[in-house]
Amino acid sequence: MIERKDVEHVARLARLALSAAEIEKMREQLNGILAYIEKLNALATDDVEPTSHAVPMVNVMRDDAPGPCLPRDEALANAPDRAGEFFRVPRIIED
Amino acid sequence: MTDPTRLTAHELTDAFRSGAATPSAVTEAYLGRIAKLDGKVRAYLTVTDGRARAAAAASDARYRAGKPLGPLDGVPISYKDVLSTRGVKTTCGSRILESWVPPFDATVVTRLAAAGVVPLGKSNMDEFAMGSSTEHSAFQLTANPWDLARVPGGSSGGPAAAVAGDLAAISLGTDTGGSIRQPGAFCGIVGMKPTYGRVSRYGLVAFASSLDQIGPFAKDVRDAALVLRAIAGVDPADATSVDVPVPDYAASLGEGMRGLRVGVLEYDTAGMDPDVQRAVTAAIDVLKGLGATTQAVTLPTADHGLAAYYIIAPAEASSNLARYDGVKYGLRALGKDLIDMESRTRAAGFGAEVKRRIMLGTYALSSGYYDAYYGKAQKVRTLIRRDFDAAFEHVDVIVGPTTPGVAFKHGEKEDPLAMYLNDVFTVPANLSGNPGISVPCGFSTSDLPIGLHLVGRAFDEATILRVAYAYEQATTWRTRRPELA
């Protein structure tokens with residue numbers, strides 16, 4: 001069973017600021033979903049290889065050739081905040 | 001001529017070639033209908049009327065010159081709002097991308113533009129394609145054209161309702177766990193998920209990268225075949241697209257059922273709508289009557305597909321959606337430092353279902369739980385693939401219901417798990433990668449459409465299209481259409 005502190009921990013990892021009410025609702029709903037997911041344990045999978053991808057593929061390589069890229073102004077056009085040629089974010093290093 | 005918005009894409013291009021209609025006149029008919037009726041259906045988030053008129057005028061000129069670009073030239077289309085369109089807002093149904101304007105087109109958009117389509121606009125969806133009713137859109141509820149009190153299905157509810165309501169001739173959706181086939185069934189139209197890797201995902205805003213595929217909605221099977229041909233094929237911009245030849249799907253539609261072995265899916269009928277069971281059984285009899293041989297097929301692990309899916313898809317989503325941090329694009333909420341800004345941004349920008357799945361996925365991938373959840377689900381995924389491989393040694397196509405029931409009412413499925421159970425028949429083909437299609441196979445006693453689900457071998461879309469076409473041509477379901485006004 002997931003407890004309140006587990007929800008708070010996962011919310012921190014996921015960078016989600018949840019209200020107290022949201023945390024409680026999330027705890028209930030996640031427990032309900034995980035209880036359903038428990039049915040997977042009825043299947044024996046000890047000698048089964050995992051599948052991460054539906055189509056078996058190896059790395060796809062291309063030549064390391066320079067090509068055109070997104071112009072700087074277009075890359076910055078959707079920025080919530082910018083300073084000249086940069087994305088501006090809150091200060092992360094103390095003086 | 002009859003109202004052109006009732007016509008299929010191939011009927012429209014026949015009319016364009018003969019001169020009975022022009023792309024501009026048909027585009028005006030669609031824009032007029034959207035202006036008049038989309039207030040009821042709410043399929044569109046953005047209508048690109050200027051772009052539509054410009055594309056239609058260019059198409060007019062090509063037909064006048066006797067040089068159309070192909071079988072979709074001048075056909076009005078709607079794109080699910082998860083497909084990037086250069087210069088046109090692409091929201092994914094989310095507040096966090098409410099004002100995002102992509103600087104590039106998705107490959108499917110580029111390819112269809114090269115085929116001459118007319119882009120009518122961007123259609124509604126569950127936020128980040130997470131849902132089965134389109135009720136998780138941050139912006140509006142979309143109505144099912146057959147009954148405006150009901151959902152169109154989801155997550156591609158907007159593009160499905162657009163085609164069903166004659167607000168677009170064709171549309172593109174995306175299918176991660178059934179998000180094309182289920183709304184196709186609910187809206188009484190054809191909806192197809194191609195094989196994983198068949199269609200480039202470049203420019204599709206990612207939900208679960210190992211499961212997502214783009215595919216068509218259409219008023220008939222021939223249109224679906226034409227759209228698939230136009231969008232399919234390897235793309236250097238998507239390393240997971242697969243380099244296998246793309247056949248002329250429309251050319252092989254008429255080959256009929258003779259010699260095909262149809263696997264009839266045995267499924268748990270608990271919780272099933274008896275109308276759906278009856279319609280699917282009757283459809284199988286039609287296929288037999290057309291000369292198919294049938295045998296029962298079981299997918300023993302498929303029953304666990306949904307549980308595996310609700311680990312794998314949220315796990316991938318939690319990673320993919322980490323990019324929405326308020327730094328480079330999208331919503332930003334102010335905070336006292338970077339982590340606070342990110343956490344407040346994501347809290348304000350994501351809706352409840354997206355938060356739930358990010359939490360579920362983050363939990364499943366977190367230290368100490370990875371093997372028990374994600375590792376286990378990936379192994380179950382292998383078992384499901386083996387089930388399909390074993391079945392396709394004996395049959396050419398597997399037939400069953402697309403959904404356990406018909407379209408439900410808005411607000412009817414409040415419990416997340418009850419909503420998830422809608423995808424029980426469609427999810428296995430996403431986990432295995434096989435192609436699937438839903439084709440209309442009747443109506444419930446309450447006059448709501450029912451879908452027949454066909455699954456084929458990997459990269460053998462031609463066979464499921466051929467079976468769907470044979471069935472469609474032997475029945476008259478497609479002639480029954482919803483009346484919006």
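The contact draws 54 residues from chain B and 41 residues from chain A, two residues being in contact if their C-beta atoms, placed from the backbone, lie within 7 Å. This is a predicted model: local features need pLDDT of at least 70, side-chain atom pairs count only at pLDDT 80 or more, and totals for chains, interfaces and linings use all residues. Residues are numbered from 1 along each chain as its sequence is written, with chains lettered from A and ligands numbered from 1 in the order in which they are written.

Reader: Which helix gives the most to the side of chain B that touches chain A?

Author: Helices here are DSSP runs (H or I, at least four residues), numbered from the N terminus. α9, α10, α11, α12 and α13 of chain B each supply at least two residues of that side. The top contributor, with 10 residues, is α12(B).

Reader: How many residues of helix α5 of chain B are buried?

Author: Buried means 20 or more other C-beta atoms within 10 Å of a residue's own, placed from the backbone (exposed: 12 or fewer; partly exposed: in between). The buried residues of α5(B) include Gly157(B) and Val163(B). For helix α5 (residues 157-164), the count is 8 of 8.
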